[in-house]
Amino acid sequence: MIINNLKKIGPFATLLFLTALFLAGVDLRDTMVNNLIPTRTVESYYYAKSDHLVRTGTFAVPDTGERAPGMVRENAPPLLAYLTLPLYTLFNLVIPVTFYQFAHIMPLLVFGLFLASIFFTFRILFGTPTALATASLFSFLPVSVAFTRKGAYLQELFGVWFAFLGIFMLIRIVEARSSQASLKASLGALVVITGLALTWQQF
């Protein structure tokens, strides 16, 4: 009933509802225990890659860390680091923080990005009430909280987002009513699938 009333009130109430969802979701993800980036973990592995890019301007391909000692070459996905760098630069212009502090809170920003993406895609497919209900579910779903919690600096941050957008683009291709719409959706699918390939770890 609340969601239907929001639809009747208009976009301003919908924006307030989404803002409240975001703030509640951030509070939930910020108060979890052990939300720092610990050492000798998968989070610290990806953080070290991104930190090396920030400090030197190059992405470290030979891995000399504890997870692959002895200059073992691996194919760690580079896009997480290359997306983090410009986001950190922009964020640092507004709120000066260290790179470690930014990597620590970046999952919360990705949560906001994912929340907005879920709302807009589901509104296109199913309408505003369903979009708000799905966004609400995403905000408090335990698995969602786990992979977008503060300190969860993982490849899944953008990997799951690209996978979600890829599914949406494939649906748009199937539902396209013109060749132009199909072409746009196909190009969008190509972009997000490429992003997924450059983000998800493959051994």
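How do helix 2 and helix 6 lie to each other, roughly parallel or roughly antiparallel? The axes of these two helices cross at roughly 10° and come within 9 Å, so helix 2 and helix 6 are roughly parallel to each other. For that label, angles under 35 degrees count as roughly parallel, over 145 as roughly antiparallel, 65 to 115 as roughly perpendicular and the rest as oblique. Axes here are lines fitted to C-alpha atoms, for helices over the stretch in contact, and angles run from 0 to 180 degrees between N-to-C directions.

A word on the source: this is a predicted model, where local features need pLDDT of at least 70, side-chain atom pairs count only at pLDDT 80 or more, and totals for chains, interfaces and linings use all residues. Residues are numbered from 1 along each chain as its sequence is written, and side-chain values use heavy atoms, with hydrogens and water left out.

Now for the overall layout. The protein has nine helices and two strands, and along the sequence they follow the pattern α-α-α-β-β-α-α-α-α-α-α. Helices (H or I, at least four residues) and strands (E, at least two) are DSSP runs, numbered from the N terminus. Of the 203 residues, 42% count as buried, where buried means under 20% relative accessible area, exposed over 50%, and partly exposed in between (1.4 Å probe, protein chains only). Contact means heavy atoms within 4.5 Å. Among contacts between residues at least 6 apart in sequence, 70% join residues at least 24 apart.

Back to the first pair. On the helix 2 side, the residues that meet helix 6 include Phe17, Leu21 and Leu28, and their partners in helix 6 include Leu132, Phe138 and Phe140. By class, this contact has nine nonpolar, five polar and one charged residues. In this sorting, Ala, Val, Leu, Ile, Met, Phe, Trp, Tyr, Cys and Pro count as nonpolar, Asp, Glu, Lys and Arg as charged, and the others, Gly among them, as polar.

Helix 5 and helix 8 pack at an angle of about 10° with their axes 10 Å apart, so this pair is roughly parallel too. Among the residues that meet are Met106, Phe114 and Thr121 in helix 5, and Phe158, Trp161 and Leu165 in helix 8. This contact divides into 17 nonpolar, two polar and two charged residues.

Helix 3 (residues 42–56) and helix 5 (residues 99–126) sit at about 135°, with their axes 11 Å apart, and are therefore oblique to each other. Tyr47, Ser50, Asp51 and Val54 of helix 3 make the contact with Phe99, Tyr100 and Ala103 of helix 5.

What about the core? A nonpolar core is a set of buried Ala, Val, Leu, Ile, Met, Phe, Trp, Tyr and Cys residues joined through side-chain atoms within 4.5 Å. The largest one holds 40 residues, and Met106, Phe114, Phe138, Tyr153 and Phe158 touch the most other members. Helix 5 gives the largest share of this core, 11 residues.

Leaving aside neighbours within four places in sequence, Phe114 is in contact with Phe138, Phe147, Val160, Trp161 and Phe164. Leu165 is found in helix 8 and counts as buried because its relative accessibility is 14%. The C-alpha atoms of Leu165 and Phe114 are separated by 9.8 Å, although the two residues are 51 residues apart along the chain.
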